[in-house]
Amino acid sequence: MVLAIVVFGVVGIARVVSGPDGRSAGVFPAVDISSTATTADPGAADDGVVEPRPATSTVVDPGPSLSPGAPEPAEIAKAFATSWLDRTAKVADWYAALVPHVTADLAAKLKGVDPVVVPAERLTGPPTVVPRGTGLVEVSYPVDSGTLLLRVVVAEGRWLVDGVDWERA
C-alpha cells in the first residue's frame, strides 16, 4: 500500500512539473539531443587520448634480482630458525645471530627481544617452501610446539626473512 502511494506521488509530481505536451515546464529544462547528436566518421583518424608507450624494460616487471650464488630461501630460513630457537643465548648474541638473515624492518622489530619468549625449542622436521609471488616465499618448519612460519623475500640481492609467525600445535 505504501509503495503504491509513493509511486502515485512521484507520477503526480512529474505531471505537475511537466507542461501539457509532456515537456518540462521550466523546472527541469528540456534539451533536444536529436539536433546535437553526431556520428563518427569511420575513416577519420582516432582522436582519443594518446599516451606514450612505456619502454620495454618497464612493461614486464622482472621482479627483485638475486646476486649470483645467493643462498636459497630454505637455507636462509634454516639459519634463521636455528638461531631463533636458541633460547639460552644472551639477548645481544641471539639478536646478532639473527641479523644476517633478516630484513632491516624485521631486525628493528627483533631488537631487544629476549629469546626466552620464543615459543619453541627445536625443529622437528623438514621445511615446506611455498612460493607466494615474485621474490616472496613462505617457509614453514614443524617445531616441538607447533609450526614456525617464515616470510622470506628478496632484498638487497639475496633472500632474507621478513616476517615470523608461529602456530600452536
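Accessible areas here come from the Shrake-Rupley method with a 1.4 Å probe, and for residues only the protein chains shown count as cover. By that method, the chain has an accessible surface of about 11,900 Å², and carbon and sulfur atoms hold 59% of this surface. The model is predicted, so to speak of local features takes pLDDT of at least 70, side-chain atom pairs count only at pLDDT 80 or more, and totals for chains, interfaces and linings use all residues. Residues are numbered from 1 along each chain as its sequence is written, and side-chain values use heavy atoms, with hydrogens and water left out.

**Overall build**
- You will find 5 helices and 4 strands in the chain; these are DSSP runs numbered from the N terminus, with helices (H or I) of at least four residues and strands (E) of at least two.
- Along the sequence the pattern reads α-α-α-α-α-β-β-β-β.

**Burial and contacts**
- Of the 169 residues in the chain, 25% are buried (under 20% relative accessible area, 1.4 Å probe, protein chains only).
- Among contacts (heavy atoms within 4.5 Å) with a separation of 6 or more, 42% link residues 24 or more positions apart.

**The sheet**
- The 4 strands make an open, antiparallel sheet in the order β1-β2-β3-β4, where pairing takes at least two DSSP bridges between two strands.
- β1 (128-133) and β4 (158-168) are the edge strands, each with a single partner, so one side of each has no neighbour in the sheet.
- Neighbouring strands of this sheet are turned by 25 degrees against each other on average, direction ignored; the axes are lines fitted to C-alpha atoms.
- Strands β2 (residues 136-143) and β3 (residues 146-155) run antiparallel and are joined by 8 bridges.
- Glu-138 stands opposite Arg-151 in β3.

Technical notes:
Buried < 20%, exposed > 50% of the residue type's maximum accessible area, 1.4 Å probe, protein only. Axes fitted to C-alpha atoms, helices over the stretch in contact; angles between N-to-C directions.
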